[in-house]
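Dear colleague,

Here is the structure I promised to hand over, and my notes on it follow below.

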Amino acid sequence: LEFRRVLFRSVPQSEGTPEASSGASTPAVAKSGGTNSERIVLFPLAQTRVAGQELLCGLSIAQVVQILEPLPMIPVPFAPPHVAGFVMWREQALPVLQLSLSLGVSDAATSSRMMIVRHGREFIALLTPQTMQARRLPLPHQPCPTPAGLAPTAILGTFQSDSEMLVVPNLSRLARPQSLGA
C-alpha cells in the first residue's frame, strides 16, 4: 500500500492550485515549488499524540481549492455531530465537516480555518486548525493499522512517517448524503 497511490486515488490530474482569500495568515501551500500532483497539505487532527505520534490529516494539494477564515454557518438540526452546518461559498451551499469528528478523533485540534476541498465535481468545507504545511512527495512512510478509536470506514489509509501518523480521509464516504444526515 503506497501513500502516494492512496492519496491521489480520486484526484483528477487537471485540478488546480489552491487560492488564498486573505494573504497575511493563509499558508502559501502551492507557491513554494513543485507540481501540485507531487505535494500534500498536512494539518493536525488531534491535540494529543496517538501511540506517541502526532496525528495529521493528509490531502492532495490538487483537492484544496481555497483556505479561508470560517464563513458564517447555518446549523442543521438533527445533523450528525461531525456536520457543523452549511455555508454559502461562490453561490453554492456546501456542507461543513469537522473532519476530526468524522474520523473518530475525540480531542479535535482547535479549528480556526476553513478549507474548501474538491471531491470529484462537488465541494465540501472542512474546519481545520491554523497550522498547516505543504510537503513534497515522496515522503518516507510505512503503512500502519488504523489506531483504535478512529473510524476505519472514514479513512482510505494510515501511514507512519518519522514521529507522525498520517491519515488520508475517505472523502467519498464522508460526502455521501447519509453521512451528512440526509
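What percentage of the 182 residues of the protein count as buried? The figure is 49%, and please keep in mind throughout that this is a predicted model. The accessible surface comes to about 8,700 Å², with 53% of that area belonging to carbon and sulfur atoms.

As for the fold, the protein has 3 helices and 12 strands, and among its contacts with a separation of 6 or more, 62% are between residues 24 or more positions apart.

In soluble globular proteins, nonpolar side chains tend to be buried together. Here the largest nonpolar core has 28 residues, of which Phe43, Leu45 and Met115 touch the most other members. At least two residues of this core are supplied by each of strand 2 (39–44), strand 3 (54–60), strand 4 (64–68), strand 7 (113–119), strand 8 (122–128), strand 12 (164–169) and helix 3 (171–174), with the largest share, 3 residues, coming from strand 3. A second, separate core of 11 residues includes Val65, Trp89, Val96 and Leu127.

Leu139 and Arg39 are 100 residues apart in sequence, yet their C-alpha atoms are 9.8 Å apart in space.

With best wishes

Terms used. Residues are numbered from 1 along each chain as its sequence is written. This is a predicted model: local features need pLDDT of at least 70, side-chain atom pairs count only at pLDDT 80 or more; totals for chains, interfaces and linings use all residues. Side-chain values use heavy atoms; hydrogens and water are left out. Helices (H or I, at least four residues) and strands (E, at least two) are DSSP runs, numbered from the N terminus. Buried means under 20% relative accessible area, exposed over 50%, partly exposed in between (1.4 Å probe, protein chains only). Contact means heavy atoms within 4.5 Å. Accessible areas come from the Shrake-Rupley method with a 1.4 Å probe; for residues, only the protein chains shown count as cover. A nonpolar core is a set of buried Ala, Val, Leu, Ile, Met, Phe, Trp, Tyr and Cys residues joined through side-chain atoms within 4.5 Å.
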